[in-house]
Amino acid sequence: MEQTLSIIKPDAVAKNVIGKIVDRFETNGLKIAAMKRVQLSAADAGAFYAVHAQRPFFGELVEFMTSGPVVVMVLEGENALSKNRELMGATNPKEAEAGTIRADFAESIDANAVHGSDSLENAKIEINFFFCGREIA
């Protein structure tokens with residue numbers, strides 16, 4: 001079984017659509033192997049998004065990700081990574097297909113409701129950033 005990380009970002013948490021987003025995953029065959037609500041510090045967000053540290057949007061990304069709580073999840077299932085990315089839709093919600101999470105719940109390319117791992121290698125790193133082994137069942 002494949003595992004990937006999903007984050008419901010502060011904008012979607014503030015809209016109170018956590019359950020609607022989780023339902024999309026479960027309805028489409030993904031199991032929630034771990035889930036928790038956390039408030040990221042600037043250090044947490046900076047470390048998690050360190051790959052983007054030299055990009056001009058890094059400061060705004062850290063500020064946004066610390067603007068409210070997030071829900072982090074380990075999604076598990078057959079082809080979990082690609083299925084999650086398909087369910088999320090394009091990064092820019094204006095380009096996302098109808099019925100995807102971002103098309104339905106995101107405001108902008110910055111406040112785009114969810115994050116998902118982009119590779120199996122990064123999924124392992126991202127899962128380990130937020131969860132220890134005993135938290136994943």
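Student: How many helices and strands make up the secondary structure of the protein chain?

Tutor: This is a predicted model, in which local features need pLDDT of at least 70, side-chain atom pairs count only at pLDDT 80 or more, and totals for chains, interfaces and linings use all residues. Residues are numbered from 1 along each chain as its sequence is written, and side-chain values use heavy atoms, with hydrogens and water left out. Helices (H or I, at least four residues) and strands (E, at least two) are DSSP runs numbered from the N terminus. On that basis, the protein chain has seven helices and four strands.

Student: Why do the buried residues of helix α4 lie on the same side of α4?

Tutor: In α4, residues 58–65, the buried residues are F58, L61, V62, F64 and M65. Because the directions from the helix axis to their C-beta atoms define the arc, their placement on the same side of α4 follows from an arc of only 165 degrees.

Student: Which residues of α4 are exposed on the other side?

Tutor: The buried residues of α4 pack against β1 (2–8), α1 (10–14), α3 (42–48) and β3 (70–77), where contact means heavy atoms within 4.5 Å. On the other side of α4, the exposed residues are E60 and E63.

Methods:
Buried < 20%, exposed > 50% of the residue type's maximum accessible area, 1.4 Å probe, protein only.
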